[in-house]
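This report goes through selected parts of the structure shown below. Keep the sequence at hand while reading.

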Amino acid sequence: MERRVVITGMGWVTPLGHDLDSVWRRMLAGESGAGPTKLFDATAFPTSFSAQVKDFELADFLGDSAAAHDGASRNSRFALAACAMAWCDAALPACTALDPTRVGVYLGGGEGPLDFQPFAAAALAGCRNEQGETSPLNTVRWAETALQRLTAVNELEQDPNMAGSHIAVHFNAQGPNINTLTACAASTQAIGEAMRLIRYGDAEVMIAGGTHSMIHPLGVTGFNRLTALSTRNDTCLTASRPFDRSRDGFVLGEGSGILILEEVEHARRRGARALAEVVGFGSTADAFRITDIHEEGRGAIAAMKAALDSAGMTPAQIGYVSAHGTGTEENDKIETLAIRRVFGDFAKSVPISSVKSMIGHLIAAAGAVELITCVLAIRDGVVPPTINYNLPDPNCDLDYVPNQARRQPVRAALSNSFGFGGQNDTLVVRAVL
Amino acid sequence: MAAKRRVVITGLGVATPIGIGMDSFWEGLLQQRCGIRRVEAFDPSGLPCQVAGELPPFQLGDFIPKSYRKSVKVMSRDITLAVVCAYHAVVDAGLNTKCIVERGEAPGPPSVDSTRFGANIGAGLVCADLNELAGALTTAADEQGRFDLRRWGAEGMNNLTPLWLLKFLPNMLACHVTIVHDAQAPSNTITCSEASSHLAIGEAFRTIARGDADVCICGGAESKINPMAMTRPALWGRLNTRDNEAPQRASRPFAADRSGMVPSEGGGLVILEALDHARTRKARIYAEVAGFGAGSNAVSWSSPDPKGRWLTLALQKALADAGSTTEQIDLIAAFGAATPEHDSAEITAWNGLLGSRLHQVSALTTRGALGHNGAGSGAIDFAATVMALYRNTIPPSLNTSNPDPASRFRFVQGDPQDAPVRQALSLGYALAGGQSAALLIKKFGE
């Protein structure tokens, strides 16, 4: 008998807040978390807005223990907070029978933000000769400033495995500890792989999800150079327009989503409440181009099919699709095409939405936050909307739940995440039978 | 649940400072070549550590189809290393992938089903090309010569190529490799520093065992040879800064006078394959992957647990997964970071696992010859271990002749030693953060 995996706790830190139910209510009300970027002076950037996490203090979640994580990056802090929420939600603090060697961590954690001011200062110092003129980089002069200004902890915290390391220490998780960074697909992949680890027997409990903030000068630079971001600086609340004909790119968000995955018998023995079951996972590579998605959605189709196959389910059984839905021209068109191919006759009737319209794109953390919305949709029988949807696009002709949340029972949901370079991951969750 | 499928190793591809390709690397190990010398890629004289393991020169065009040459401009050094390793791995395995066919080295069509061909590749924090980025940042200096974010946002950033970000996303190693060789099955990028390769190989092992792929290319690659990557660990005091005049002896794993790690570049990608698939195509089988285990340091996020518990746990889990006992282990591949505190923790872990049996078990560490490249080191160690087991030959471990008094490892000094190896354990762990992983490799018997 294959081991089954259920979700017993969830937590998130998002641009709409840091509490499970209040954020969910704001999503159902169609609110936007976007605003002018305040983390750095972005006023002259092509994109000067983002969906930032606001009023966040780690001590609100960890109390005095927060001090043990001094120097932790924004990524690590978000993850610790979201995990504390999920851990409590799963009633794990009261569990005395937990074997720490059977508790693991699998995150899609992003790289920590570059320590930008010292980095830029060293770069400029390195590119100036003795006469003060601009010159090609001299690594000796660079090193002089770099060694003086960069700090050990800020450099260490850029390693993508650090958020998971902080979590292991705070929650005494001694089992497998893994970080994946398949770009925008990372936390969907992390949850899928964590489910596999429990099924195989490598762990009983996995802390799974993602955390990321790319709202820093080089993060925004990278996406602006790729022309991937919306540049609607004057109307940022309505800038994120997945599937709308006037979409002009995604809105950069930040945050973390963490889920507690647990072997079903382990959860039952300790009397834990199971919120949903993780039943399907598919991971594929487009193996096509670095810069473009495969024109016919080859990898996306294969990932959705693999997820449904591994769940032993058919498209007719899916009551909600949480789309990757970034709001870029290419993604939304090809994702629509791929859903149409996989769902066939049911493509027109299944509700599809992108919460990125409200919270922006959390990059490595996006999939985890979106999977949480799938579980809440199942729990409450309501589907979150795609806001800012006004102009239908002939290439995007499915039901995107425009602008208004919709009450309807959801027994199972499918969540897509697609990463730069053609990495595709899909999860299927369903109500606990 | 369906019975687990057996998984075997059929190809080894490495890029190391002492040799590119398995033949050259293995010969280098047997001949006690050391790959550490003064850095030539840039002027290191401002840095505390000025020695490192750089690769011998190579032409990237020798490893990709002609049609892919235009993509070279979006490849960072780390991506390049992965692409080189991938070519060597598939050639060594006799897999005629899309790349091999398009290069005209085998008749088409490709001999591997791309929908059953996966990739699990470990990657590091890919460093920006400092020449390129610093040059661009300079264009946003104000009149006083200070960096100005508004000038950068308005104009300066346009000095970076539009695809700039794509060079540095860690998953681009896997993306380029899967494109070049057409691997469309489950694909993942593990970013857990030095534990990445072992975790990636372990995940590929599980993927094939449960039937989600028939063939996986897995391992890792990274380059620490750039000013940023050679500065970061220096700030932590973990780099060897005392042996700039004696590079050949700078990396001294488990030595009484070890004084820090030595940076390096390189990687390893190996081909894992379902046994039935390997048999059907009559592939050469090096060995069988029989066990995987992983753990985490839950004591500190910045320093090793001195008791080494997170390492012992990974090793014990790998043994249990394989259904093996320590009595069956004839070879261990230790990591050997060569920092005082990491090696102490690792010594404690192996002592705890094997006790007095350590005296009968051959040991191997490649750190003395290669230094340490981060995400790719584990796969190089894995490849060396597989070859030692396949050939029943234990290569010497450089710079291990003056061991820490607590160390009971039986490293080979001088000439390689012939010794039958039934089973071997290989260990990898992240030096910062707490990830650990171990793999158990068995001699292949029918």
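## Domains of chain A

Chain A is divided into domain 1, made of 5-113 + 158-430, and domain 2, which covers 116-150. Taken over C-alpha atoms, the centres of domain 1 and domain 2 of chain A are separated by 39 Å. The model is a predicted one.

## Two residues of chain A

F281(A) is found in strand 8 of chain A, residues 276-285. Is F281(A) buried or exposed? F281(A) counts as buried because it has 26 C-beta neighbours inside 10 Å, and a residue is buried if that count is 20 or more. Leaving aside its neighbours within four places in sequence, F281(A) is in contact with G192(A), M195(A), A307(A), S310(A) and L427(A). F281(A) and S415(A) are 134 residues apart in sequence, while their C-alpha atoms are 9.6 Å apart in space.

D89(A) lies in helix 3 of chain A, residues 74-89. D89(A) has 19 C-beta neighbours inside 10 Å, so it counts as partly exposed. Apart from its neighbours within four places in sequence, D89(A) is in contact with G9(A), M10(A), G11(A) and L20(A). From D89(A) to Q158(A) there are 69 residues in sequence and 29 Å in space, C-alpha to C-alpha.

## Where chain A touches chain B

How many residues of chain A are in contact with chain B? On the side of chain A there are 80 residues, in contact with 77 residues of chain B. Helix 5 of chain A, residues 139-149, supplies the largest share of the side of chain A, with seven residues. By class, the side of chain A that touches chain B has 40 nonpolar, 29 polar and eleven charged residues.

## Strand 1 of chain B

Strand 1 of chain B spans residues 7-16 and is mostly covered, as ten of its ten residues are buried. Which strands of chain B pair with strand 1 in the antiparallel sense? One of them is strand 8 of chain B, residues 265-274, joined to strand 1 by eight bridges. Another is strand 9 of chain B, residues 287-296, with three bridges. Strand 2 of chain B, residues 19-20, pairs with strand 1 over two bridges, and these two strands form a hairpin with two residues between them.

V8(B) is the bridge partner of E288(B) in strand 9 of chain B. A15(B) has G267(B) as its bridge partner in strand 8 of chain B and I20(B) as its bridge partner in strand 2 of chain B.

Methods: Residues numbered from 1 in each chain as written. Chains lettered and ligands numbered in written order. Predicted model: local features only at pLDDT ≥ 70, side-chain atom pairs only at ≥ 80, totals over all residues. Helix = DSSP H or I, 4+ residues; strand = E, 2+ residues; numbered from the N terminus. Buried ≥ 20, exposed ≤ 12 C-beta atoms within 10 Å, placed from the backbone. Contact = placed C-beta atoms within 7 Å. Domains from an automatic or database assignment. Nonpolar A, V, L, I, M, F, W, Y, C, P; charged D, E, K, R; others polar. Pairing = 2+ DSSP bridges.
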